[in-house]
Amino acid sequence: MESSCRLPLHVCHVKKTEMVINRLHIFLHGIALLALFYYRITTLSLIIKTREIPLLPYLIVIVSEIVLTFLWVMHQLATQWRPVKRTVYPERLPEDDKLPPIDVFIFTAHPSQEPSLEVMNTVISAMSLDYPPDKLAVYLSDDGGSYVTLYAVREAWKFARFWIPFCRKYELRIRCPESYFSADEESADDKLTCCSEFAADRKIIEKKYAEFQEALEKNSVNANASYSRNHPSRIEVIRDENTDSDPDQKEMPLLVYVAREKRPDHHHHFKAGALNVMLRVSALISNAPYFLVLDCDMYCYDPSSARQAMCLFLDPETSPQIGWVQFPQKFHNIISEHDIYDSGHNSDWRGLQGVDGLRGPMMCGSNFFMRREAIYGTDRIQKDIDLKQLKKSFGSSNEFIRSIYKPLLPEDRQNSAEALQNELQLVSSCSYDNDTEWGKEVGYIYNTVSEDMVTSLVLHCRGWRSAYVDPARPCFLGVCPTNLNDMLVQQTRWALGAMQIALSRFSPLVYGALRMSILQSMFYAQVGSLYVVPVCGLAIMPQICLLYGIPLYPKVSDPFFILFAFIFISSQLKHVQEVISYGDSFKNVLIELRVWMMRSGASYVYAFLEAIMEWIGLHKTHFVLTGKVVDKEQAKRYEQGIYDFQASPQLLVPMCSLYIFNLATFIIGIPMIFHKGDELLAQAVLPFFGIIVNYHLLEGMVFRQDSGCIAPSVTLLSVAISAVIFCCGSLLLLY
């Protein structure tokens with residue numbers, strides 16, 4: 001009777017108004033698209049018979065529209081069909097002694113590109129979570145094996161001995177030191193400013209943090225030289241001999257430094273390989289049934305995040321099904337009114353609310369709590385399986401296999417035994433995965449550069465579901481790219497991963513559709529790099545035909561012209577509705593559209609080509625780390641809302657070439673528009689729309705003279721490529 005009356009730990013609300021709007025849009029827009037293809041098929045048959053206009057340009061436009069429609073269907077049905085919103089109630093959780101342990105995994109790779117102070121702020125914020133300290137263990141994975149990072153971890157432990165009791169004593173809401181002591185966060189403790197004891201304690205802590213900063217800065221002088229790709233494994237439980245002298249400092253979470261073995265002749269599988277090692281190492285030390293994954297620049301902003309996640313894992317209604325809980329990635333370095341690079345990825349987070357209404361979103365690389373059982377796949381293992389078969393899945397460590405079937409209690413931690421050290425060295429060696437199912441069927445599946453997506457796909461297919469929690473107060477805050485180059489590099493990496501999955505044995509519409517709902521598999525089938533086909537097709541062929549007076553769209557007087565106008569206006573208005581309903585300003589509509597065009601004209605081009613070349617064996621993918629070091633000049637332009645084009649020419653030239661091509665064809669085609677306006681109006685709208693949306697490119701090439709403008713060499717090269725595009729495209733008119 002008591003359990004039946006117990007209040008729920010979380011509630012899932014269906015966003016009914018948005019759901020109705022979305023489904024009505026899908027229905028009306030879908031009918032319009034069917035009518036469009038009816039028009040295209042009947043017109044194509046007529047062209048084949050009469051040959052009044054060239055066939056090949058018309059086919060290119062049809063293929064572009066087919067691909068664009070395919071991607072629209074994938075997106076709409078997966079992310080818009082059933083949007084939901086979850087509310088959690090941490091205050092309803094059981095007492096602390098009944099909460100399960102949690103391991104926190106933080107990953108860093110290079111001490112120069114990921115400064116030690118930033119990484120240690122993330123570590124300290126995780127250690128300061130509002131969770132029982134004896135049930136919390138924090139692991140830092142250092143893929144560079146850097147003595148700079150190891151020293152920083154030891155210093156972080158010393159500072160945390162004072163910082164964590166300070167946070168708990170005054171129940172601070174912000175527990176990342178850098179964020180807390182920054183000027184814009186001083187209001188966080190306004191209610192305590194009148195307390196003399198608090199003021200004195202804060203002054204002491206602030207002084208210790210300054211000393212901590214100074215120590216890390218001095219030690220980071222040779223950070224680049226400390227990085228290594230060839231080093232043995234090193235695992236160290238960070239401790240301090242003086243801890244026992246102060247009872248208040250005994251209640252500290254476990255802190256462990258992990259540098260897995262890396263050798264040049266062994267593939268290390270990037271972050272997925274590091275996470276798999278962390279799973280095995282942590283299993284021998286703390287073995288918490290749940291773990292949190294964080295990027296090194298994504299600090300814990302709301303200390304209650306662990307309790308919020310437990311509201312789903314411990315809720316009797318959802319607990320048996322939930323494999324992981326994803327929190328959104330929010331960023332403290334975004335200037336909301338000037339987020340000109342769409343660094344907040346709000347369109348992605350809007351989509352995850354819809355996917356949560358199916359079987360839940362994928363893992364997004366960071367900010368997710370996961371059930372260890374789900375990643376191990378122990379639910380699929382027979383109870384009477386023998387040790388030899390288990391070693392095929394989990395490797396040769398008997399202690400690791402024992403940890404899977406006999407979870408260690410917090411008091412069972414043994415950190416200095418020689419036998420334990422030997423086992424830790426074994427499970428963190430670079431050859432441990434050899435001839436096992438690790439990275440294939442168990443742990444993170446690392447056959448692509450987008451391991452989060454393919455691992456999520458596999459787990460969803462195995463019956464696990466996930467949940468997305470987007471509270472009003474961000475649980476985690478990180479650093480996002482605030483310059484054009486880093487944004488495009490990051491998008492190229494992500495788009496490449498999705499394309500690789502589409503070409504692999506885990507292709508969502510083949511592997512996924514047979515094992516889970518078609519709507520869920522559609523979510524994974526959204527391959528952004530495929531936008532290259534419609535964007536390039538519709539940004540080149542109609543414009544060339546415009547100059548030659550060849551119509552590819554119906555006349556203004558034709559009823560089908562209204563159909564094309566409706567499809568265009570409908571899609572734009574739906575985008576406006578999504579942005580406004582999410583709480584963003586109207587300006588974000590233009591920003592998101594502009595960034596999508598830049599990605600399609602640069603990032604998706606390279607991702608598409610690289611994935612195809614790798615698929616046929618002509619190229620091997622290399623992981624590119626996004627830099628975390630901030631350039632002051634670029635940061636200043638970002639704060640002013642000014643685009644900075646100090647990017648790789650390789651990324652700038654494709655988008656600039658398309659822009660120059662559309663600008664030139666529109667200007668040259670103006671006489672043709674006046675001459676055949678009824679037939680060519682639709683073709684004139686396409687380049688004009690692209691020119692207006694991407695006006696910042698024209699500014700960068702022509703009107704700006706500052707150091708952030710587009711280099712003249714890039715502009716000249718783009719002009720030459722535009723001429724080549726026109727010449728090659730004109731040849732297609734012969735067919």
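Tutor: Happy to! Buried means under 20% relative accessible area, exposed means over 50%, and partly exposed is in between, using a 1.4 Å probe and protein chains only. This is a predicted model, where local features need pLDDT of at least 70, side-chain atom pairs count only at pLDDT 80 or more, and totals for chains, interfaces and linings use all residues. Residues are numbered from 1 along each chain as its sequence is written, and side-chain values use heavy atoms, with hydrogens and water left out.

Student: Which residues does Lys 271 touch?

Tutor: Not counting residues up to four places away in sequence, Lys 271 touches Phe 107, Val 293, Asp 295 and Gly 365. Contact here means heavy atoms within 4.5 Å.

Student: Where is Asp 295 found?

Tutor: Asp 295 is in strand β7, residues 290-295, and it counts as partly exposed at 24% relative accessibility. An unreviewed UniProt entry lists Lys 271 and Asp 295 under "binding site". They are spread over 25 residues of sequence, yet they cluster in space, with a largest C-alpha distance of 9.9 Å. UniProt positions use the numbering used here, feature names are shortened, and annotations may be inferred rather than shown by experiment.

Student: What about Glu 114, where does that lie?

Tutor: Glu 114 lies in the loop between β3 (102-108) and α4 (116-127). With a relative accessible area of 4%, Glu 114 is buried.

Student: And Asp 143, where is that one?

Tutor: Asp 143 is in the loop between β4 (136-142) and α5 (147-170), and it counts as buried at 8% relative accessibility. Leaving aside neighbours within four places in sequence, its contacts include Thr 108, His 231 and Arg 260.

Student: New topic! How many disulfides are there?

Tutor: A search of the whole structure finds zero disulfides, a disulfide being a pair of cysteine sulfur atoms within 2.5 Å. For Cys 167, the nearest cysteine sulfur, that of Cys 176, is 9.9 Å away.

How values were computed
Helices (H or I, at least four residues) and strands (E, at least two) are DSSP runs, numbered from the N terminus.
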